[in-house]
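Dear colleague,

I am handing over the structure that we spoke about, and below it you will find notes on one part of it. Please keep the structure open while you read.

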Amino acid sequence: MSSGVIFKLDLDPYITMALREDISWGDVSTEATGLQEKRARVQLMAKGEGILCGLEVFRRVFTLLEEESSFETPFKDGDRVEKGQLIGVVRGKVETLLSGERTALNYLQRMSGIATLTRTYSDILKPYKTVLLDTRKTTPNMRIFEKYAVRVGGGKNHRYNLSDGVMLKDNHIDACGSITEAVKRARAHAPFVRKIEVETENLDMVAEALEAGADIIMLDNMDNETMKKALALIGGRAETECSGNITQERLREIGEIGVDYVSSGAITYGAPVLDLSMKHLTVERET
């Protein structure tokens, strides 16, 4: 995630909304100190161990409040940090550091937590061909940040939103009357460059999806034995994805079964934040 155009077009509006939510009509606590305009520095510290993600977003919170502020760090996204490590130093006006603190930490802690859990999942799958994917189960208005964190953690992104791919789920199939009809309609109306994925819940549905010409067949909430039978039935004629009840404990088994993809909503909605803190704010002496 680089600065520049991406920030101005995609990220700045979200970060600005987050700052407005927290500051509203002012930071009365900081204003009460009378030190708003003084120059200061503060340390960013790790209070837990994990994978850092969102350092440029963290930096951007402060530069939106004060262009002259700075954040110096030897770390980059994807680096592991240990408990007690100094991550970097932020410099700026006292009001910049204190008013931006919570918003900046919220982004960095959340994104780092997702990257950390994703790294745990992806490391388990390293010996296998199975690719770890995220889902659309993201925090509202945080999707661009959370899906980036998945990539930093070693996972891959599934479709970004509803405009990004054809996935025929149970309610689409119910509306059309059958998998066959749903795929037929999708072929007729969807852009030809889009693959068609079909969600299946049992072997009969797998067989119908295969016969209908689905490009990707999702094996939804299937136990291991059923997935093995499904892969044998598909025989490489379509890509496969499994989803539902995906836990760390099952990942190795899923990798051994040999599905192409495994999607997990838990790596975004279930990730604990990485504990980080801004400490030791020091007002710099005027020279």
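This is a predicted model: local features need pLDDT of at least 70, side-chain atom pairs count only at pLDDT 80 or more; totals for chains, interfaces and linings use all residues.

Residues are numbered from 1 along each chain as its sequence is written, and side-chain values use heavy atoms, with hydrogens and water left out.

β8 and β9 run parallel and are joined by 4 bridges, where two strands count as paired if DSSP finds at least two bridges between them. Between β8 and β9 the chain passes through helix α8 (residues 203–212), in a β-α-β crossover that is right-handed, meaning that, with the strands pointing away from the viewer, the path from the first strand over the helix to the second runs clockwise.

On β8, I196, V198 and T200 point one way and E197 and E199 the other, and all are buried, that is, under 20% relative accessible area with a 1.4 Å probe, protein chains only. Because 5 of the 5 residues of β8 are buried, this strand is largely enclosed by the rest of the structure.

The open sheet has 6 strands in the order β6-β11-β10-β9-β8-β7, with parallel pairing. β6 (131–133) and β7 (166–168) stand at its edges with a single partner strand each, so one side of each is left without a neighbour in the sheet.

With best wishes

Key: Helices (H or I, at least four residues) and strands (E, at least two) are DSSP runs, numbered from the N terminus. Buried means under 20% relative accessible area, exposed over 50%, partly exposed in between (1.4 Å probe, protein chains only).
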